[in-house]
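Here is a brief report on a ligand site and the pocket around it. Please view the sequence and structure first.

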Amino acid sequence: MKEKKENVGLVERLEQLETCPELTLLVYSIMKGCQRIAGLASCPHAEDIIGDVGEVNIQGEAQKKLDVLSNQILKDAISKSGVVRALASEEEESVVECTDGAAYLVSFDPLDGSSNIDVNGSIGTIFSITSVEKSSVLNESSFLRSGRAIVSAGYVLYGASAVAAISVGKGTDLYSLNKQENTFVLSHPCIQIPPCSNEVALNMMNQRLWDDGFKAYVSDLLQGADGPRQVDFKMRWFASMVGDLHRISVRGGCFAYPRLKSSHGWKSKLRILYEAAPMAFLIEQAGGEATNGFESILDIVPGNIHQRDAVIVGSSEEVKICSSYIQGLC
Ligand code: P6P
């Protein structure tokens with residue numbers, strides 16, 4: 001049955017999906033935090049928003065003022081929900097304990113793509129929620145489970161208007177922020193990502209570092225209709241996973257950040273726990289696929305909360321084709 005779309009708010013939609021009250025409260029709390037970030041992100045040139053903090057985070061990346069603000073806003077929102085045992089953040093070296101005996105763990109990237117802040121580019125928040133045994137011992141290993149343990153995930157893309165994708169395991173819904181009603185309103189229930197697409201998001205400047213399989217994949221893309229793929233492709237790259245993945249949620253496409261050669265062997269850019277796995281959950285719930293080139297992102301158990309891996313995600317047929325090239329099957 002096609003769901004009624006007119007002005008269905010976030011809580012009403014989660015109730016339509018028979019989401020348990022504690023999880024509804026948690027998703028609502030996270031999204032209220034994201035609304036505050038949306039307000040700050042809509043005035044990127046304010047003195048207390050623009051520029052660097054002058055410090056480097058656990059990732060070795062320059063921390064922007066809005067990174068720090070966003071992280072604190074979400075830590076407060078998550079902790080005050082009262083239903084979260086602990087959280088893991090891109091901006092925190094280790095897990096942060098919240099409410100003893102609570103049922104959920106939250107992993108998040110408070111501000112993905114923050115190098116875009118100063119140029120008013122795409123920036124966003126990514127989160128995932130897993131459940132935890134109330135009596136279990138809480139430590140970093142509590143977070144080190146495959147993405148199959150995710151009970152809810154979402155992203156918020158900040159810009160002229162804030163938009164979001166949220167799933168509680170019953171499909172992926174898109175929302176837009178209604179500033180008059182001060183709430184996220186359902187815009188696209190149960191999205192379905194087209195299996196095929198000619199739009200690919202990748203950073204060509206890493207070409208010298210790719211493995212031979214991915215080099216062959218991109219070489220065939222570049223040949224377009226004259227080559228073995230027999231169709232012309234388009235490249236899109238926001239340098240913000242949330243921005244690229246929202247385009248893919250709306251009209252399909254393939255986002256590829258493959259492993260890169262380094263003096264210490266292979267390295268990857270994107271973090272599993274709070275970037276790759278939540279995005280893989282959202283995209284798979286919408287009929288897409290997500291691999292690291294060799295296995296499903298959602299089957300990977302990270303070795304630490306900041307572990308990285310390659311990410312090929314989006315339209316199912318194109319992800320399969322790209323992964324086959326990486327495995328040397330094409
Ligand atoms: P590059 C942002 O820093 C991020 O983690 C993703 O959001 C984005 O897709 C990627 O890195 C951009 O990487 O190498 O193009 O700067």
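This is a predicted model: local features need pLDDT of at least 70, side-chain atom pairs count only at pLDDT 80 or more; totals for chains, interfaces and linings use all residues.

The shell around the ligand counts 13 residues, and D112, N203, M241, Y257 and K269 come nearest. By class, the shell holds 6 nonpolar, 3 polar and 4 charged residues.

| Residue | Protein atom | Ligand atom | Distance |
|---|---|---|---|
| M241 | polar backbone atom | oxygen | 2.7 Å |
| N203 | polar side-chain atom | oxygen | 3.0 Å |
| W237 | polar side-chain atom | oxygen | 3.1 Å |

On its own, the ligand has 400 Å² of accessible area, and the protein covers 82% of this. The ligand takes up the space of the largest pocket. Two elements give two or more residues to the ligand shell: β13 (254–257) and β16 (270–271).

The largest pocket holds about 430 Å³ of space. Its lining has 24 residues, and D112, G113, S115, A239 and K269 are the closest to the pocket centre. D112 and K269 are also among the residues that come nearest to the ligand.

Which strands build the lining? At least two residues each come from β2 (62–64), β5 (104–112), β13 and β16. β5 gives the most, with 3 residues. The lining divides into 8 nonpolar, 6 polar and 10 charged residues.

Note on methods
Residues are numbered from 1 along each chain as its sequence is written. Side-chain values use heavy atoms; hydrogens and water are left out. A residue is near a molecule or strand if one of its heavy atoms lies within 4 Å of it. A polar contact is a pair of N or O atoms within 3.5 Å; within protein, one must be able to donate a hydrogen and the other to accept it, and residues adjacent in sequence count only if both atoms are side-chain atoms. Accessible areas come from the Shrake-Rupley method with a 1.4 Å probe; for residues, only the protein chains shown count as cover. On a 1 Å grid over the protein atoms alone, a cavity is a set of points where a 1.4 Å probe fits but cannot get out, and a pocket is an open set with protein on both sides within 12 Å along at least five of seven lines; lining residues have an atom within 4 Å of a point. A molecule sits in a cavity or pocket if more than half of its atoms lie within 2 Å of its grid points. Helices (H or I, at least four residues) and strands (E, at least two) are DSSP runs, numbered from the N terminus. Ala, Val, Leu, Ile, Met, Phe, Trp, Tyr, Cys and Pro count as nonpolar, Asp, Glu, Lys and Arg as charged, and the others, Gly among them, as polar. Grid points are joined across faces, edges and corners, and a volume is the space filled by probe spheres set on the points.
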